[in-house]
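Let's take a walk through this fold together, one piece at a time. Keep the viewer open as you read, and turn the model whenever a new element comes up.

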Amino acid sequence: MSSVYASMFALSFALSPTGLFVGMLGLAVGLGLAAWLVAVEWGAWALVSPSRRYVGHHPEPHPWESVEDVAPDGSKLSGAWRLAGTDRAAILLHGFGEDRAAMLGRADALAEAGWSVLVADNRAIGRSGGAFVTFGGREVADLRGWVDLVAGKLDPAARVALWGRSMGGANAVRAAASDPRIAALVLEAPDPDLSQTLARLLRSRRLPGSLARPMLRRAGRLARVPVGRSAPMLLAPQLSIPACVIHGANDPLVPSAEARRLADAFARPALYLEVPGARHSDVFEVGGPELAATVVAFLENAVANHPSGV
């Protein structure tokens, strides 16, 4: 009989206003938790597994040649090389959601000024292998390999600059912090801190910014390497090489104040160029030939004063 009484009590409680409230509250909490988990999982996968734009493999048009490198984890990385016959070279790094084709205009501007240039597909993007984008977790070692390749094609004492856009700019800072062969940095629409940038992006889409850190932690577990660690804002004070920060005045992802703060954070404050009317992904295009000429002049001066073989 006791079990009958217990069942009747439970039923009466469930049908009472208090029971209904508790049940609805539990349901709401459960649904909220489920939505949180789904959002974190979706965001993590979106970060480390962007869609590829290249299909198949085609020879590079003259004067470009296809080049490949093998990363320490065995991933085959793909790039294109254009030789100018000098001891100055630049490696160009695209942003998230792009491939190396996005950097060809910049590469052409440098090549016309006598620079040898390499444009590289980030791992897991374009023609490069690798399962996941890791925002520096593995890209730093990848970049070291590309610098090795450039030095092998030119000279071990070749002066190498990095020009990175957005994600590529952040990875350029990470690489320069551990490779003294890098003589100069051009950071176009750089991401000073991935966690903060992701939080702003989430809020712009009416999602809680607090999801950013759990997404990054989950992304790291998927990629089996920390994602977005070593924020450029924290690394910049360790770098005394010449740096140039190019920023769009209307950038919706990284406020101008943050870009200026990054420029000022370098041991030798970076040259800061703000392009009126430009947003996050069109800085070079809006800046036009005048911006290209300014960047080339900056790099010419930077490598001229960089000791060879360092």
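Where is Asp282 found? Asp282 sits in the loop between E8 and H10. Its relative accessibility is 24%, and the cut-off for buried is under 20%, so Asp282 counts as partly exposed. Follow the chain back 34 residues and you reach Gly248, yet the C-alpha atoms of Asp282 and Gly248 are separated by 7.9 Å. Please keep in mind that this is a predicted model.

Now step back for the overall picture. The chain has 310 residues, and buried residues make up 51% of them. Its secondary structure comes to 10 helices and 8 strands. If you take the contacts between residues at least 6 apart in sequence, 73% of them join residues at least 24 apart.

E1 and E2 run antiparallel and are joined by 6 bridges, with Ser66 having Ala80 in E2 as its bridge partner. The hairpin of E1 and E2 has 5 residues between the strands, and Gly74 there takes a positive phi near 95°. On to E2 and E4, which pair in the antiparallel sense over 4 bridges; here Ala80 stands opposite Val119 in E4. How enclosed is E2 by the rest of the structure? Of the 7 residues of E2, 6 are buried, so this strand is largely enclosed. Further along the sheet, E5 and E6 run parallel and are joined by 6 bridges.

Which residues of H3 are buried? In this helix, residues 104-112, they are Arg106, Ala107, Ala109, Leu110 and Ala111. An α-helix has 3.6 residues a turn, so residues three or four places apart point the same way. The buried residues of H3 pack against strand E2 (76-82), strand E3 (88-93), strand E4 (116-120), strand E5 (159-165), strand E6 (182-188) and helix H10 (283-304). After H3 comes Gly114, with a positive phi near 95°.

Helix H4 (residues 139-153) and helix H5 (residues 167-176) pack at an angle of about 75°, with their axes 9 Å apart. That angle makes H4 roughly perpendicular to H5. Glu139, Val140 and Leu143 of H4 make the contact with Asn171, Ala172, Arg174 and Ala175 of H5. By class, this contact of H4 with H5 has 4 nonpolar, 1 polar and 2 charged residues.

For helix H6 (residues 194-204) and helix H7 (residues 212-223), the packing angle is about 120° and the axes are 9 Å apart. This makes H6 oblique to H7, and the crossing of H6 and H7 is right-handed. From H6, Leu194, Ser195, Leu198, Ala199 and Leu202 meet Ala212, Arg213, Met215 and Leu216 in H7. The contact of H6 with H7 has 7 nonpolar, 1 polar and 1 charged residues by class.

Finally, some backbone details. Most residues other than glycine have a negative phi, and most peptide bonds are trans. What is phi of Phe135 near? Phe135 has a positive phi near 50° and its place is in the loop between E4 and H4; at 6% relative accessibility, Phe135 counts as buried. Ser166 also has a positive phi, near 55°, and lies in the loop between E5 and H5. Ser166 is buried, with a relative accessible area of 10%. The peptide bond from His62 to Pro63 is cis, with omega near 5°, and Pro63 lies in the loop between helix H2 (17-48) and E1.

Methods
Residues are numbered from 1 along each chain as its sequence is written. This is a predicted model: local features need pLDDT of at least 70, side-chain atom pairs count only at pLDDT 80 or more; totals for chains, interfaces and linings use all residues. Side-chain values use heavy atoms; hydrogens and water are left out. Buried means under 20% relative accessible area, exposed over 50%, partly exposed in between (1.4 Å probe, protein chains only). Helices (H or I, at least four residues) and strands (E, at least two) are DSSP runs, numbered from the N terminus. Contact means heavy atoms within 4.5 Å. Two strands pair if DSSP finds at least two bridges between them. Axes are lines fitted to C-alpha atoms, for helices over the stretch in contact, and angles run from 0 to 180 degrees between N-to-C directions. Angles under 35 degrees count as roughly parallel, over 145 as roughly antiparallel, 65 to 115 as roughly perpendicular and the rest as oblique. A crossing is left-handed if the near helix is turned anticlockwise from the far one by less than a right angle, and right-handed if clockwise. Ala, Val, Leu, Ile, Met, Phe, Trp, Tyr, Cys and Pro count as nonpolar, Asp, Glu, Lys and Arg as charged, and the others, Gly among them, as polar.
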